Each structure stands twice: as structure tokens, then as C-alpha cells.
Amino acid sequence: MPVDVEMNDSVAPAPVVISAIADVPALSTLQHLKEIASVIEAGSLTKEVRRISRAVRLTVALRRRLAPRDVAAFLAFALPSSSDAFAHLSPLLPKEDGTEMDVDTAAPVAQVSIKHGLPEIEIYCYLLVLIFLIDHKKYDEAKACANASIARLKNLNRRTVDVLASRLYSYYSYAHELTNSLAEIRGMATLHRDELGQETLLNLLLRNYLHYNLSDQAEKLRLKAPRFEAHSNQQVCTSKMNLTDEVWKINSPDRIKSVLLIEKFYQQGLED
């Protein structure tokens with residue numbers, strides 16, 4: 001005669017698996033930066049601009065977690081100690097109290113290594129330090145970093161650098177705005193078939209004119225502005241928002257004129 005066997009519905013291994021997952025520590029900030037550098041390296045070697053764009057997005061998401069020791073350790077990882085970039089950037093970082101360093105023991109991940117000498121990695125280091133200095137209100141150091149980065153960009157002509165360069169130009173302008181020296185940078189830089197960078201500089205120059213209430217010069221710039229085949233919707237939205245914000249600082253009689261100028265400028269771009 002068959003005997004009924006009582007089945008146990010509880011599954012013992014499940015809590016063990018959940019506990020094991022919970023015990024895995026998160027990646028350190030330095031390890032995240034190294035992973036971003038590997039993405040940039042892959043984009044440089046394969047000439048894929050989308051990888052560079054992804055690296056920039058990852059950096060923006062990480063920026064609030066950056067500490068001086070993280071940035072300093074990353075520079076030591078990404079740049080040769082004898083390079084000009086390392087010599088320019090390292091002294092700009094603030095010194096932290098204490099001797100605690102960010103060691104890559106936060107997670108059991110494979111060691112990341114990158115190829116030294118890639119221009120994209122060097123320009124990324126400039127961008128990273130510039131963002132860090134602005135976030136920590138080190139505006140004079142940020143201005144010095146921005147000037148050095150633009151000087152370096154003048155010697156580069158690589159499409160994979162263009163995405164990083166456009167961000168650098170934006171922060172370059174912002175650093176001068178924070179130090180009340182916007183009038184110094186209207187010359188900006190010469191670009192080599194870099195439509196994204198040219199579009200960024202055009203918007204920054206228009207913002208510069210409006211900042212000083214130079215509406216006539218801004219109108220002349222709009223009339224002479226080149227047409228870009230691959231118009232960036234993100235650049236349009238971001239720049240239009242920034243310019244509109246700048247207009248609200250202008251006295252009332254000129255404000256309407258400036259708003260109409262901005263609308264004509266972007267309508268002109270959308271019709272191309």
C-alpha cells in the first residue's frame with residue numbers, strides 16, 4: 001500500500017544566494033574611473049565616437065563621488081609621470097588631510113590596464129580635473145586647468161576627441177564666467193572640421209555677447225553663423241536654456257530684443 005510522503009516546500013539555498021549577493025561590495029570610485037578610461041581607450045582604438053559619449057555620461061553620473069585622492073590616483077594610473085599633462089594637472093588638486101588612500105580592494109574585479117599616450121585619455125584627464133575643481137569651488141585652479149586644456153586641444157585633430165573637446169569648451173567658458181573673465185575668451189580656438197565643437201563655440205560666443213548686453217554683436221553673429229549638417233538636438237536644447245537664463249539678467253528694454261534674437265537663431269538652425 002503506497003505511503004504518503006510529506007513534501008517540504010521550503011528551499012534552503014535561496015537565502016544563501018541572496019546573502020552572497022548582498023555581501024559583494026560595490027566598485028570603488030577609482031575603479032569606476034578606470035573602467036571609464038577603458039571605454040575611452042576602446043573608442044579611440046576602434047574610432048567609435050559613441051563610446052566616448054558614453055564615457056562622458058558615466059563621468060557626469062560619478063562626479064559627486066569624486067574626492068581629491070580618487071582624481072590624483074587616477075591621474076597616476078592614466079598618465080605617465082613624465083608627461084606634460086601630469087605635470088600641469090597634479091599641482092592643481094587640493095591636498096587632503098590624513099594619509100588614507102583609495103585602494104582597489106572594494107570589489108574582486110579584474111585589474112584594468114590602458115595604453116598610455118592616447119590623446120583621448122589625456123584630454124579626458126583635463127576634463128575630469130576641470131569638472132572636479134569647479135564642483136569644489138576652486139575657480140582659479142579651474143581657470144588654469146581650462147586654459148591648459150584648450151592649449152592642448154589646438155594641437156589635436158581627431159574625431160574621437162571632438163565629444164570631449166565640446167565639453168571642455170563649455171567648462172572653459174564656465175570657468176571664466178565664474179572668475180569674471182568672460183571677455184578674455186572671445187577668440188576661443190581654431191577647430192578642424194569639428195562641427196560639434198564649432199556649434200558649441202558658436203553658442204558659447206552668443207552667450208558671451210548676451211552676458212555683456214552686446215545685442216548688436218550677437219545679431220551680427222547670428223547672420224554670419226554657419227549651417228551645420230548634423231545639428232545636435234541636445235546642443236540646441238541645452239544651449240537655448242542657458243542663453244535664455246542669461247537673458248533674464250539683462251535690463252528690461254533689451255531683454256525682449258535678446259529673446260527675439262535667440263528665437264531667430266535657433267529657428268534658423270532648425271530650418272537648415
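**Helix packing and nonpolar cores**

User: Which residues in α3 meet which residues in α8?
Analyst: Val49, Ile52, Ser53, Val56 and Val60 in α3 meet Arg159, Thr160, Val163, Leu164 and Arg167 in α8, where contact means heavy atoms within 4.5 Å. This is a predicted model, in which local features need pLDDT of at least 70, side-chain atom pairs count only at pLDDT 80 or more, and totals for chains, interfaces and linings use all residues. Residues are numbered from 1 along each chain as its sequence is written, and side-chain values use heavy atoms, with hydrogens and water left out.

User: At what angle do α3 and α8 pack?
Analyst: Helix α3 (residues 49–62) and helix α8 (residues 159–178) pack at about 30 degrees, and their axes are 8 Å apart. Helices here are DSSP runs (H or I, at least four residues), numbered from the N terminus. Axes are lines fitted to C-alpha atoms over the stretch in contact, and angles run from 0 to 180 degrees between N-to-C directions. The two helices, α3 and α8, are therefore roughly parallel (angles under 35 degrees).

User: Changing topic, how many residues has the largest nonpolar core?
Analyst: The largest nonpolar core has 57 residues, and Phe74, Leu89 and Leu153 have the most contacts inside it. Such a core is a set of buried Ala, Val, Leu, Ile, Met, Phe, Trp, Tyr and Cys residues joined through side-chain atoms within 4.5 Å; buried means under 20% relative accessible area (1.4 Å probe, protein chains only).

User: Which element gives the most to this core?
Analyst: That is α6, with 13 residues.

User: And what is Leu89 in contact with?
Analyst: Leaving aside neighbours within four places in sequence, Leu89 is in contact with Leu75, Leu79, Cys125, Tyr126, Val129 and Cys145.

Terms used. Angles under 35 degrees count as roughly parallel, over 145 as roughly antiparallel, 65 to 115 as roughly perpendicular and the rest as oblique. Buried means under 20% relative accessible area, exposed over 50%, partly exposed in between (1.4 Å probe, protein chains only).
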